[in-house]
Amino acid sequence: MLQKKVCLLGGFGVGKTSLVRRYVQSIFSDAYLTTVGVKIEKKMVNVGAAEVALILWDIAGEDDIKGIRTSYLRGAAGYLLVVDVTRSETLEIANSIQARVTSEIGSVPFLFLFNKTDLKEDWEIPEQSLEDLKNAGHVVLRTSAKTGEGVEEAFQLLANRMVL
Amino acid sequence: MLDIPDRISEWLLLLVRSQRSIAYLLIDDELVLSQAGGELEHYGLGDLKHQHSASDQLPFLEGLLPLAETPFLLESVGMPGGSVADVHLFADEDRTWVVLLDVTAEHDQARKMQQKAYDMTLLSQREARLIAKLEAAHKELTLAHRDLAESRDELLRVHNRLRRELHDAERYVLAILPEPVAEPFALEWLFVPSTELGGDSFGYHWVDREHFALYLLDVCGHGVGSALLSITVTNTLRSGALPKTDFRMPEAVLAALNQVFQAEHQNGLYFTIWYGVYHQPTGMLRYASAGHPPPILVSGAREERGEAKSLSAVGCPVGFLPDATYESKECSLAGPARLFLFSDGAYEITGPDGTMLESAEFEEVLTRAVPEGASELKDLLDFARNFSGSKELDDDFSIIKMTI
């Protein structure tokens, strides 16, 4: 069976664990519980006719990108860069992480996930930033672990890009 | 290696085994699990199958084998059994040893500390955002306040200018009112507009040596528009500016006014007017009315109670109907007598309890004996104010008294 390692990366508190829980267990909690080290989950997806096991590495968020343990990245076939739309600084962190990951493991498929889109009143990142990323050739999806918006699509899209 | 006796090394190994729940796995060059041991149950790995794919059974190995470097460490990896392990990987020729050391206690401790630190950071970030929002709102409010202050100052300037202009207009309105007359008969008046500019105006003048015209008009509404029309009509009458009109004939004067001042050409304004002409040689008064309250003729000496007579005449207000006609009436003004000409504001007065002053009561006041030295018109104004319960009346208070 085909297996692909997927890392979830981003600053702390952006919702990486919540996205994995929503995707794997279809549950959500508003309570914030920080992740230390890494938690690993498995989820089966279909890509074309093939069944693929996604090995999801929910890696502790770090605002200081030097703190990211690059050993966790070894063997990753793709990754998701998670941004909290209510905190503009998390976009800068995601951009820095992306540069660091590329230098560590080379160019592998990845997506930007603009998460917490349900918090419309607190949206802090300008639409233009999202457009700038798209214009730079990146794939950007809007997600909400709370409502489930875009979550399934994000993992499926990354799986497609890793396999096809 | 440490240069220590074997028995101490063995003791240290026992210590680590007791505290770290050591488990191990051996994976061959086909990435198949060939051997496993130690406290696998502690990590939820008790069901591992030998001679089966290692990465299928151990997801955390996905992508790591064969090792690119040795030894290789994955810190704080959550295990299926709920515990947390540091995963040490060692290359041994074609095989790979995987050693698990429990770090659950350290992980939980680190997590508590990190939770507090991140909670604090999130709180301070929220606080900073809130402060930024408050500062932005404060800035907006300050700007709005400044704009409001400027608008208020401008409004105040405009208001003051309008007040000055209204005051000038009010002075003009008062200036065109006639002076009291003492001979050959007495004429005096009292005019108290309800607003700074009212719709009432009046006048009197000699048409010729024998005929004396007397009139009072009331334009509907109050304010500048009404005042402008009342002044225009007054000036028209005073200057005799109605073509082909005999100003000794009240019915002709009102008909001419009605032709000139139709409401559709006066911004919808119309007015009532009473116009009378006193022929001094005969003592006859000829008069006509365009919807105006009839004057009261009080016969008898001033010091005694008089007898009232209403000088009514039929006619619709000026401006209503283009073809309206007016009738004149006549009466003799035999002295001693006082003729009171007024607007509806002098008697259509509402008391604090909502009751209206009745015309009979007003007539009774007019016919009262007047004490020596008293001002009859001022007493009338005081009566009106007392009845209304306020110094400010709802309508213009205009009254002319002609004493024969």
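Visitor: What should helix H4 of chain B, residues 224-239, span at 1.5 Å a residue?
Guide: This is a predicted model, so here's the check on its geometry. The 16 residues of H4(B) should span 22 Å at 1.5 Å a residue, and the end C-alpha atoms sit 22 Å apart, which agrees. The expected span is 1.5 Å times one less than the number of residues.

Visitor: Which residues of H4(B) are buried?
Guide: Ser226(B), Ala227(B), Leu229(B), Ser230(B), Val233(B), Thr234(B) and Leu237(B). Looking down the axis of H4(B), you'd find the buried residues within an arc of 165°, so they line one face of the helix.

Visitor: And what covers the buried residues of H4(B)?
Guide: The cover includes two helices of chain B, H3 (104-176) and H5 (250-260). It also includes strands E7 (200-206), E8 (211-219) and E9 (271-279) of chain B.

Visitor: Switching to cores. Which residues touch the most other members in the largest nonpolar core?
Guide: Those are Val6(A), Cys7(A), Leu8(A), Trp57(A), Leu80(A), Leu81(A) and Val83(A), in a core of 67 residues. Helix H4 of chain A, residues 151-163, puts in the largest share of this core, with 6 residues.

Visitor: Take Leu80(A): what is it in contact with, leaving aside neighbours within four places in sequence?
Guide: Leu80(A) contacts Val6(A), Leu8(A), Phe110(A), Leu111(A), Leu113(A), Ala154(A) and Leu158(A). Apart from that core lies another of 56 residues, with Phe202(B), Tyr278(B), Tyr326(B) and Phe387(B) among them.

Visitor: Last topic, the contact between the chains. How many residues does it take from chain A and chain B?
Guide: It takes 21 from chain A and 23 from chain B. On the chain A side, strands E1 (2-9) and E2 (38-47) each supply at least two residues.

Visitor: Which element gives the most to the side of chain A that touches chain B?
Guide: E2(A), with 4 residues. By type, that side of chain A divides into 9 nonpolar, 6 polar and 6 charged residues.

Conventions: Residues are numbered from 1 along each chain as its sequence is written. Chains are lettered from A and ligands numbered from 1 in the order in which they are written. This is a predicted model: local features need pLDDT of at least 70, side-chain atom pairs count only at pLDDT 80 or more; totals for chains, interfaces and linings use all residues. Two residues are in contact if their C-beta atoms, placed from the backbone, lie within 7 Å. Ala, Val, Leu, Ile, Met, Phe, Trp, Tyr, Cys and Pro count as nonpolar, Asp, Glu, Lys and Arg as charged, and the others, Gly among them, as polar. A residue is buried if 20 or more other C-beta atoms lie within 10 Å of its own, exposed if 12 or fewer, and partly exposed in between; C-beta atoms are placed from the backbone. The arc is that of the directions from the helix axis to the C-beta atoms. A nonpolar core is a set of buried Ala, Val, Leu, Ile, Met, Phe, Trp, Tyr and Cys residues joined through C-beta atoms within 7 Å.
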